[in-house]
Amino acid sequence: MLSSLAQHLRRIFGRQAAIMVETKNVPNGNGVHTDASPKPLHTVNIPFERATFGMGCFWSCDSLFGAQKGVLRTRVGYSGGKSKNPSYRNIADHTEVIEIDFDPEKISYNQLLTLFWNNHEYGLTTRIKTQYQSLILYHNDKQKEIAEASKEKEQQKRAPEQIITRIEKAGTFYPAEDYHQKYRLQHHKELASQLKLNPQLLQSSHVAARLNGYLVGVGGVKQFDEEAESLGLTKQQIEYVRKYVVDNEGGGLTC
């Protein structure tokens, strides 16, 4: 029989994800049942689409999108230019961007665009250097059509200001350095250590994306309480994160 954690997870993500975190009452080779701690939910095998946005400093938007319902993974990096192998210290003609893997059954591309338009730190109507410019990189013709229509609608709202967001086809994405990935979560060193986050998981982990948002208040207490058990966290980890959600909810995001 599945534990309450796995049952809860199955309701959200299905049988495969439930099996991945089911750790209680598992017989070992001698037929003895163990009672291991929950395992962090790093991997979710769900069909997804990808969105890529540039909207200023990528630390804040990593937290913003990471805790949205339906977002599976996030990673930050550099894209939009033509130079090879950019870095933070040598970004050349690229822009700081976030890649978002999302479940279109839970959150739409249009909903992501609404967050995009409403959460720029700068650069939406003011021309700034390429590193922080407003940028939508579409991955297919449907996204291009939706983005262009969304921009036109947003322009009508903001007139007489002129939106200067670029809409271009997605090209090569260069992941940012490790210390940029899940930047807020990495400041909670003990928690990050307990989650066993390595460079790969900093870019691909589901639970890391969620906590990177929750720790700065994104999503709010109600949503965290509904989801916390399904993330494969221990009771102590849930209590720790919840305190920060309570303290930071509604506080806004800045880099």
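Which residue in E5 does Thr52 stand opposite? In this predicted model, Thr52 faces Glu99 of E5, and the strands E3 and E5 run antiparallel, joined by 5 bridges. The points below set this pair within its sheet, and then turn to the helices and the nonpolar cores.

**The sheet**
- The sheet is open and has 6 strands with mixed pairing, arranged in the order E7-E6-E3-E5-E4-E8.
- Its edges are formed by strand E7 (166-169) and strand E8 (174-175), each of which pairs on one side only.

**Helices on the sheet**
- Helix H3 packs on the sheet through contacts with E3, E4 and E5, and its direction makes about 165 degrees with that of E4.
- Helix H5 (residues 141-158) also packs on the sheet, where it touches E3, strand E6 (134-138) and E7, and its direction makes about 150 degrees with that of E6.

**The nonpolar cores**
- The largest nonpolar core has 29 residues, of which Phe53, Phe65, Ile100, Tyr109, Leu112 and Ile136 touch the most other members.
- Two or more residues of this core come from each of strand E3 (49-55), helix H3 (58-66), strand E4 (71-79), strand E5 (95-102) and helix H4 (109-118), and H4 gives the most, with 6 residues.
- Leaving aside residues up to four places away in sequence, Tyr109 touches Ala51, Phe53, Phe102, Ile136, Gln143, Ile146 and Ala147.
- In soluble globular proteins, nonpolar side chains tend to be buried together.

Methods. Residues are numbered from 1 along each chain as its sequence is written. This is a predicted model: local features need pLDDT of at least 70, side-chain atom pairs count only at pLDDT 80 or more; totals for chains, interfaces and linings use all residues. Side-chain values use heavy atoms; hydrogens and water are left out. A nonpolar core is a set of buried Ala, Val, Leu, Ile, Met, Phe, Trp, Tyr and Cys residues joined through side-chain atoms within 4.5 Å. Buried means under 20% relative accessible area, exposed over 50%, partly exposed in between (1.4 Å probe, protein chains only). Helices (H or I, at least four residues) and strands (E, at least two) are DSSP runs, numbered from the N terminus. Contact means heavy atoms within 4.5 Å. Two strands pair if DSSP finds at least two bridges between them. Axes are lines fitted to C-alpha atoms, for helices over the stretch in contact, and angles run from 0 to 180 degrees between N-to-C directions.
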